[in-house]
Amino acid sequence: VIWIWMSNQKFTYQPTKALAKISKVVKENDLAIIQGGQGAGKTIAILMLLVSLCYRYKKEVTICSSELSKLKGTAILDFLKILKDYNIYSLANWNKSEMVYRFDNGSFVEFIGLDKTDVGKGRRRDYVFINETNKVNIQSFTDITARAKKVICDFNPDAYFYLHDLKTDKNFISLTFKDNNFLPEKEVNNIL
């Protein structure tokens, strides 16, 4: 991963316990279910993992949520911040109108909202990451994941939903703020 072979540089986005746990469950499963509360760092860690994979290997990735507007205010901003922090961002590689970032090696990451009919159907991808899966209906989940090699789902532990029926001891992890060793002390105190 990027931070190992670039370890002589100081990055804002550093590996956390959450990243180690997520990397393991993603590597070992076609479906990785990541539950975590406030401050767990699950989304940032997943984005760091996907950036690293795309940078080192040619990968096709779809990152989605129930609505594109939700991604714009969170995951897309975080994704671009991570690229900039790792000094691999290129304005020429970011197609804002199509919401696609293309890496120099042929990898790409597209961002889509699942609130439009037929969005995501039939796409073959190496990875599909569904952010806040609990806000995505089961039909959209099935459509976007049907042809993906690996599926990563994250959500907050608000209530029981269909993904709980798919979890096993191997494909499910539950994270807390204690898995984010870079969480600012003020935020830790607010959670406590």
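Trainee: Which residues are linked in a network of salt bridges here?
Mentor: Glu60, Glu110 and Arg125 are. Keep in mind that this is a predicted model.

Trainee: How far apart are the closest N and O atoms of Arg125 and Glu110?
Mentor: They are 3.0 Å apart.

Trainee: Are Arg125 and Glu110 buried or exposed?
Mentor: Both are buried. Arg125 has a relative accessible area of 14%, which falls under the 20% cut-off, so it counts as buried. Glu60, in contrast, is partly exposed at 30%.

Trainee: How many salt bridges does the structure hold?
Mentor: Six. Another one of them pairs Glu132 with Lys135, with 3.3 Å between the closest N and O atoms. Glu132 is partly exposed at 23% relative accessibility, and Lys135 is partly exposed at 44%.

Trainee: Zooming out, how many helices and strands does the chain have?
Mentor: Seven helices and eight strands. The radius of gyration is 16 Å, close to the 16 Å that the globule rule gives for 192 residues, so the chain is as compact as a globular protein of that length. Of its residues, 51% count as buried. Among contacts with a separation of 6 or more, 70% are between residues 24 or more positions apart.

Trainee: What about charges, how many positive and negative side chains are there?
Mentor: There are 28 positive and 21 negative ones, and the centres of the two sets lie 3 Å apart.

Trainee: New topic: where does Gln38 lie?
Mentor: In the loop between strand 1 (31-36) and helix 3 (42-56). Gln38 is exposed, at 53% relative accessibility. Leaving aside residues up to four places away in sequence, Gln38 touches Phe177, Glu187 and Ile191.

Trainee: How far is the C-alpha atom of Gln38 from that of Phe182?
Mentor: They are separated by 13 Å, although the two residues are 144 residues apart along the chain.

Trainee: Last one: is Thr145 buried or exposed?
Mentor: Thr145 is buried, with a relative accessible area of 13%. You'll find Thr145 in helix 6 (residues 138-145). Not counting residues up to four places away in sequence, Thr145 touches Ile130 and Val151.

Definitions and conventions:
Residues are numbered from 1 along each chain as its sequence is written. This is a predicted model: local features need pLDDT of at least 70, side-chain atom pairs count only at pLDDT 80 or more; totals for chains, interfaces and linings use all residues. Side-chain values use heavy atoms; hydrogens and water are left out. Helices (H or I, at least four residues) and strands (E, at least two) are DSSP runs, numbered from the N terminus. Buried means under 20% relative accessible area, exposed over 50%, partly exposed in between (1.4 Å probe, protein chains only). Contact means heavy atoms within 4.5 Å. The radius of gyration is taken over C-alpha atoms; the globule rule is 2.2 Å times the number of residues to the power 0.38. Lys and Arg count as positive and Asp and Glu as negative; His and the chain ends are not counted. The place of a charge is taken as NZ of Lys, CZ of Arg, CG of Asp or CD of Glu. A salt bridge is a side-chain nitrogen of Lys or Arg within 4 Å of a carboxyl oxygen of Asp or Glu.
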